[in-house]
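Dear colleague,

Please find below the structure that I am handing over to you. My notes on its strands and aromatic rings follow.

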Amino acid sequence: MDVPLAHLDRPFDYLVPASLDEQAVPGTRVKVRFAGQLVDGWLLERVASSDHPRLAYLEKVVSPEPVLSPEVSRLARAVADRYAGSLADVLRLAVPPRHARVEKEARPDGTEPSTPPAPDTPPAPSTPPAPSTPPAPDAPTAPDAATAPPAPIASTAPESGAELPEQRRRPAEPGPDGWRDYPAGPAYLRALTDGRAPRAVWSALAGEDWAVRYAEAVAATVAGGRGAVVVVADNRDLDRLDAAVGAALGPGRHVCLSAALGPARRYRAFLAARRGDVPVVIGTRAAMFAPVERLGLVAIWDDGDDLHAEPRAPYPHARDVLLTRAQLTEAGVLVGGYARTAEAQLLLETGWAREVVADRATVRTRTPAIAPVGDDPQLARDPGAATARLPSLAWTAAREALRADLPVLVQVPRRGYLPSVSCAQCRTPARCAHCAGPLALPSASAPPACRWCGRVAAAYACPECGGRRLRAAVTGARRTAEELGRAFPGVSVRTSGRDEVLDGVPGGAGLVIATPGAEPVAEGGYGAVLLLDSWALLTRADLRAGEEALRRWLAAAALARPAGAGGRVVVVADGALAPVQALLRWDAGWFAARELAERRELGFPPAVRMASVTGLPAAVADLLDEARLPDGAEVLGPVPADGERERMLVRVPRARAAALAGALHAAAGARSARKAADPVRLQVDPLDLF
C-alpha cells in the first residue's frame with residue numbers, strides 16, 4: 001500500500017471480486033480499504049488462497065495498465081532494503097504519476113494499447129516473503145582473469161528467422177572504431193553484442209565524445225537483441241546523449257525520461273518502454289528504474305556528480321541502483337567519466353568490474369599541456385602569482401590563444417557577482433543583521449543583500465570595527481567576466497551558468513566564463529582553459545572535496561585542444577597537491593586508488609557502510625535505543641545538524657551493511673507503530689557526512 005509508515009512496509013492479502021478478475025493483473029494500480037480509509041496500492045501477485053480467514057475485497061482497479069513490471073518490483077524491494085527505506089517510497093520514484101489521457105493514446109504503430117496477459121504464476125501461500133535478492137556490489141565475486149568480460153548470460157533474442165516489427169529489428173552491429181583508443185574497448189562491445197554481461201569502469205580521454213561512445217555501446221547491446229538504460233546527471237548531457245543515440249539507432253528506437261519533461265511527456269515515454277515499444281531508455285536519475293525488456297546494459301556517465309543522488313526518501317544513488325539492477329538481471333555495466341570516484345575504484349579492486357583505459361602514449365597525445373600556478377618554482381618566477389586571481393602564466397596562455405583566434409574558457413567555482421563580502425578594514429565576514437546570513441553584492445552598483453532572507457543592507461556597518469566599506473571575499477562569474485573584459489579589451493566575453501547555459505561556442509576568439517557543469521563545448525576545442533579560485537573547491541569541509549575538485553577540473557580541461565594543436569590548461573593551485581598531480585598526469589585512476597586507500601584507513605565510505613540518523617536529540621536517541629545494531633557497529637556523534645536537530649552516524653563493515661539497514665528500518669517501524677511524534681531521517685551512505 002502507498003502508505004508512508006515503516007511498520008506497514010509489507011504485502012497484504014485482499015480478495016479479488018469476479019468483476020475485476022480480468023483487470024486485476026500484477027503490476028496494476030489499485031485502491032483498497034485499510035483502517036476504514038480508501039488508500040492507493042499496487043497489486044504485486046495473484047495467488048489461489050490465503051492463510052487469513054477473513055479478507056476484505058479489492059475496491060477498485062485504477063487502471064488495467066500493468067505499469068509495474070516484475071523486474072522493477074524486485075529492484076524496488078532490493079533498493080528499499082539497501083537504503084533502510086520502504087517499498088512504497090521507492091515505487092513513487094520508480095513509476096511516474098498516472099496520466100489517463102496518455103494511457104488511452106494509440107501506439108506508434110497505430111494499434112490500440114492492450115493489456116499484456118498476466119504471467120503464469122503457480123499458487124503460493126498468502127503474504128509471500130520478499131523475493132530473494134542476489135548479493136549487491138557490496139561483496140562482488142571476482143571474474144575469471146582468463147576471460148575479458150564476466151560470465152556470459154543466455155541470449156534472449158528471438159530466433160534469426162522470426163519476423164520482428166520494423167521498430168524492433170536489430171540495427172547493424174556498430175564498428176568499434178571509436179573505442180580503439182582503449183585496448184579493452186572493442187572486446188567490451190563484442191561482449192555486449194554476443195549477449196554477455198561485461199562490467200567496465202571507463203576513464204575517458206581528453207576531448208572524447210563520450211555521448212557517441214555510449215551510443216555505440218547501446219547500439220551493440222541492441223544488436224544483440226537486448227535493451228539498455230543510460231543515466232546522465234542533467235538535461236544538458238541528456239540532450240547530447242539523445243542526439244548521439246538517435247544517430248546510432250535511428251528514429252523511434254529510444255525514449256528520454258526526465259522529470260523536466262512534464263507529466264504527459266514523461267508518462268508517455270515511460271509507457272513506451274513498459275509496453276516494449278522501444279528497447280532503450282536514456283535520462284536523468286528519473287530513468288534509473290525505467291522498465292526495459294531483456295535488459296542487457298545499464299550505464300551511467302559521471303557518477304561523481306551529486307545530481308545522481310535522489311533528494312527524496314530513501315535517498316538512493318543512481319549508480320548503486322543501476323549496479324543492483326545489473327546484479328538482479330545479469331546485465332552489462334558501464335560506469336564512465338573523465339574522473340573516477342572511490343566507489344568506481346572499489347568495483348575494480350574487488351574484481352567486480354574491469355578497467356577500460358587508454359595507454360599512456362595515447363593519453364599524452366590527446367591531452368592538452370597542463371601547468372599549475374602556485375608551486376615554488378612558479379612563484380619564484382612570478383612572485384605576484386601568490387595573490388593574483390589571474391597570474392601571468394594564465395594571462396599569457398589566454399592572450400596567445402586569443403591571438404591564434406581560438407576561444408578561451410575560464411572556470412570559476414561561484415556564480416553571481418560577489419557572492420561573499422567582508423569588512424575592508426578588519427576582514428570580518430559581512431553577515432545579515434536579521435538572520436545572520438552572508439551578505440553578497442549582486443552587481444557593481446547595487447547595495448549588499450542577504451543571500452538567505454533577501455533583505456537589503458544598504459546601511460551596513462561592521463559589528464567589530466564599525467567600518468562601512470566592503471571588499472570581495474569570493475568573486476563570482478559575473479565579476480570575473482567584468483574583470484577579464486577590462487584585461488582583454490575588444491574581446492567578446494560571455495558567461496555560462498545556472499541561470500543561462502550556453503549550448504555551444506562557435507569557432508573564433510572569445511572569452512567564456514563558466515561555473516562548473518555549465519561549460520559549453522567549443523567548435524574545435526578551446527585554445528586555453530583557465531581554472532581559477534581552486535581554493536574554493538579544495539578547502540570545503542567535505543569528505544569528497546579533492547575528488548569533486550578533480551572531477552570539475554577534468555571536465556573543463558577535456559574541452560581543450562590537444563597539446564599538439566595548441567591547447568593549454570592553467571590551474572591556479574599548488575602543483576604538489578594530489579588532485580593537481582592527477583590533473584597534470586591525466587590519471588584519475590591513480591587519485592581514486594589513493595583516495596580509496598585513505599578512506600579505508602580512516603573508516604569512511606565506500607570502504608565501510610555508514611548511516612546517518614538526523615532529528616531532535618530525543619528522537620534520535622529513541623531510534624538508536626530501539627535498533628538492534630549488528631555486532632561491530634560503531635556509533636559516532638552527536639554533531640549539530642540544523643536548528644535544534646542533531647546527527648548521529650553509525651558505521652559498520654560492508655559485510656554487515658544489510659544487517660544495519662534492516663535494524664534501522666525495523667526501529668523506524670517500531671516508532672511509527674507507536675505513533676512517535678518527532679520524525680527521524682535515515683540516510684545510508686549520504687554524500688554529505690560533515
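P407 stands opposite G510, a residue of strand β19. The two strands concerned, β12 (residues 407-411) and β19 (residues 510-514), run parallel and are joined by 5 bridges. Strands here are DSSP runs of E with at least two residues, helices are runs of H or I with at least four, and both are numbered from the N terminus; two strands count as paired if DSSP finds at least two bridges between them.

The model is predicted, so please note that local features need pLDDT of at least 70 and side-chain atom pairs count only at pLDDT 80 or more, whereas totals for chains, interfaces and linings use all residues. Residues are numbered from 1 along each chain as its sequence is written, and side-chain values use heavy atoms, with hydrogens and water left out.

Strands β12 and β19 belong to an open sheet of 6 strands, ordered β11-β22-β21-β12-β19-β17, with parallel pairing. The edges are taken by β11 (369-372) and β17 (493-496); each has a single partner strand, so one side of each lacks a neighbour in the sheet. On average, neighbouring strands of this sheet are turned by 15° against each other, direction ignored. Helix α16 (residues 578-585) packs on the sheet and touches β11, β21 (528-531) and β22 (568-571), its direction making about 160° with that of β11. Contact means heavy atoms within 4.5 Å; axes are lines fitted to C-alpha atoms, for helices over the stretch in contact, and angles run from 0 to 180 degrees between N-to-C directions.

Turning to the aromatic residues, the count comes to 13 aromatic pairs. Rings of Phe, Tyr and Trp (its six-membered ring) pair if their centres lie within 6.5 Å; planes under 30 degrees apart are stacked, over 60 edge-to-face, and the rest tilted. W179 and Y188 form a tilted pair, 6.3 Å centre to centre with 40° between the planes. Y182 and W202 form an edge-to-face pair, at 5.6 Å and 80°. Y182 lies in the loop between α3 (100-103) and α4 (185-193), and W202 in strand β4 (residues 199-203), so this pair ties together parts 20 residues apart in sequence. Ring pairs link W179, Y182, Y188, W202, W210, Y214, W301 and Y338 into a cluster.

Yours sincerely
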